[in-house]
Amino acid sequence: MKTEIKALVKKIEDLSKNLGKIRIMHLCGTHEDTVTKYNIRSLLPKNIELLSGPGCPVCITPDSDLQEIFHLIKNANITLTTFGDMARVPFEKKSLFYYRSKGYDIRIVYSIFDALEIAKRNDKPVVHFAIGFETTMPSTALAILDNVENFYVYSSHRFFIPAMEALLKAGEIKIDGFINPGHVSTIVGVKAYEHLKKYRIPQVIAGFEPYDVILAIYYIIKALKDGINSDDDLLMNEYTRAVKYEGNLKAQAVINEVFGKEDWEWRGLGIIPKSGASIRKKYEDFDARKQFEDIFKDFQPKIDLTKKACRCGEVLRGLITPEDCPLFLKVCTPKDPVGPCMVSFEGMCNIWARYRGLY
Amino acid sequence: MCLAIPGKVESIDYPFAVVSFKGTKKKIRIDLIDDLKVGDYVLVHVGFAIQKVDEAEAKRIQDLISKIVEL
């Protein structure tokens, strides 16, 4: 494979020679991990820039959701479950781990199904703070459909595909190609990107091995070089071993059964139409936003002034790299993060800090 | 978050399966996968299988790379 990759990189170099500046954006934290771990940027010719987009669920979850969760644990006698990365995101320097150290019942789970087990043997209500894109949503939908008493979900799930369109509409940066998220695509399928063809930007769904990413870049460069001759050049699937055209229909069915679509806020991207996975009225018995409505009534979100200098929002839009942020590896480190891009294992700042061997 | 790891299905007790990740075994949900058999590979994300992995396709893409670079 080593020889093949070398030859493929050479092909990319030859094809891109007279193309000028090319910006390719990937949309998944796990792609950034592959790119940085294997130093793929160093293999590419200088005119190809590989940007990182908003593909980190922990990073794009806005502070208002986090504050609501803090408000809930302080005002209701509940057990809160969530994923480890989310529990480390600070608001005014306090995270869920901080509150756990103060005696609040906060438990880290690997899977929402572990939260269900806790609910079955718990006297207190169990609320799962659910984050993630289409990849994670089916597990939350299944957990709700399991109909377990005493179990509630605070949905912070967001549909990813509308964010791609929001980025393109904002037009802050010219993007010449997209590497689409492989595991979101296992669920939504190739078909979910068809409507984005109108922007005439080549998209390649890619896997997570180094050769997957390099092959995706080759496909994009080849489409740009040869000109877009047919619609097929605008949407390609490199991750055929896991992504089908139709996606996972059963997973799509449970998502649609449980979740509706609302206009929700994303960190760095503002309000994105139809991107919020709200729990449908039919399942409101499991919806923490509904069941604890009284508690949320007097909730007022604030702005975290301690994050004033954090540029996570611009990192998520691909406008800057972590190195452009004055806080990066100075006051903001994986051990003491200021913003979520440094907290999450999928955040660009955290990935860059980790693979430099500093942490 | 969207990290998913491939593992081999060792036994099935619907809607659960025991999946081996290079020897580490874990019980996972398989409700969303059709026609799963012992010996199949699945991609697992936060405790459930999101898709089967098609070995033939994996091989095809690797062969394709060899073909591209020979051109």
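**Entry 1: strand β3(A) and its sheet**

I began with β3(A) and β4(A), which run parallel and are joined by three bridges. I note at once that this is a predicted model, and I read everything below with that in mind. Within this pair, A:Thr81 stands opposite A:Arg107 in β4(A).

I then turned to the other neighbour, β5(A), residues 126-130, and found that three bridges join this strand to β3(A), residues 79-82, again in parallel. Here A:Thr79 stands opposite A:Val126, while A:Thr81 stands opposite A:His128.

Which residues of β3(A) lie on each side, and are they buried or exposed? I found A:Thr79 and A:Thr81 on one side and A:Leu80 and A:Thr82 on the other, and all of them are buried, which leaves both faces of β3(A) covered. I set beside this the general point that side chains in a regular strand alternate between the two faces of the sheet.

Stepping back, I wrote down the whole sheet as an open one of four strands in the order β4-β3-β5-β6 of chain A, with parallel pairing. The edges are taken by β4(A), residues 106-108, and β6(A), residues 151-155; each has a single partner strand, so one side of each is left without a neighbour in the sheet. From one strand to the next the twist averages 25°.

**Entry 2: the five-stranded sheet of chain A**

I next looked up an open sheet of five strands in chain A, whose order is β2-β1-β7-β8-β9 and whose pairing is parallel. At its edges stand β2(A), residues 48-52, and β9(A), residues 235-237, and because each has a single partner strand, one side of each is left without a neighbour in the sheet. Neighbouring strands are turned by 20° against each other on average, if direction is ignored.

For the end of the sheet at β9(A), I recorded three bridges between this strand and β8(A), residues 203-205, the two running parallel. In this pairing A:Gln203 stands opposite A:Leu235.

Which strands does helix α12(A) touch? This helix, residues 210-226, packs on the sheet and touches β1, β7, β8 and β9 of chain A, and its direction makes about 150° with that of β7(A). I also noted helix α2(A), residues 29-37, which lies across β1 (22-26), β2 and β7 of chain A and runs at about 120° to β1(A).

**Entry 3: helix α10(A)**

I went through helix α10(A), residues 161-170, and found A:Ile161, A:Ala163, A:Met164 and A:Leu167 buried. Seen down the axis of α10(A), these buried residues fall within an arc of 160°, so they line one face of the helix.

Just after the helix, A:Gly171 takes a positive phi of about 60°.

**Entry 4: chain B by itself**

I listed the elements of chain B from the N terminus on as β-β-β-β-β-α, that is, five strands and one helix. The radius of gyration of this chain is 14 Å, well over the 11 Å that the globule rule gives for 71 residues, so chain B is more spread out than a compact globule. Taken along the principal axes, its C-alpha atoms fill a box of roughly 50 × 25 × 25 Å.

Of the 71 residues in chain B, 32% are buried. I also noted that, among the contacts in chain B with a separation of 6 or more, residues 24 or more positions apart account for 31%.

**Entry 5: where chain B meets chain A**

How many residues of each chain are in contact with the other? I recorded 23 residues of chain B in contact with 36 residues of chain A. On the side of chain B that touches chain A, β4 (41-45), β5 (48-53) and α1 (55-70) of chain B each supply at least two residues, and α1(B) gives the most, with seven residues. Sorted by class, this side of chain B has 15 nonpolar, four polar and four charged residues.

Definitions and conventions:
Residues numbered from 1 in each chain as written. Chains lettered and ligands numbered in written order. Predicted model: local features only at pLDDT ≥ 70, side-chain atom pairs only at ≥ 80, totals over all residues. Rg over C-alpha atoms; globule rule 2.2 N^0.38 Å. Buried ≥ 20, exposed ≤ 12 C-beta atoms within 10 Å, placed from the backbone. Contact = placed C-beta atoms within 7 Å. Arc of directions from axis to C-beta. Nonpolar A, V, L, I, M, F, W, Y, C, P; charged D, E, K, R; others polar. Pairing = 2+ DSSP bridges. Axes fitted to C-alpha atoms, helices over the stretch in contact; angles between N-to-C directions.
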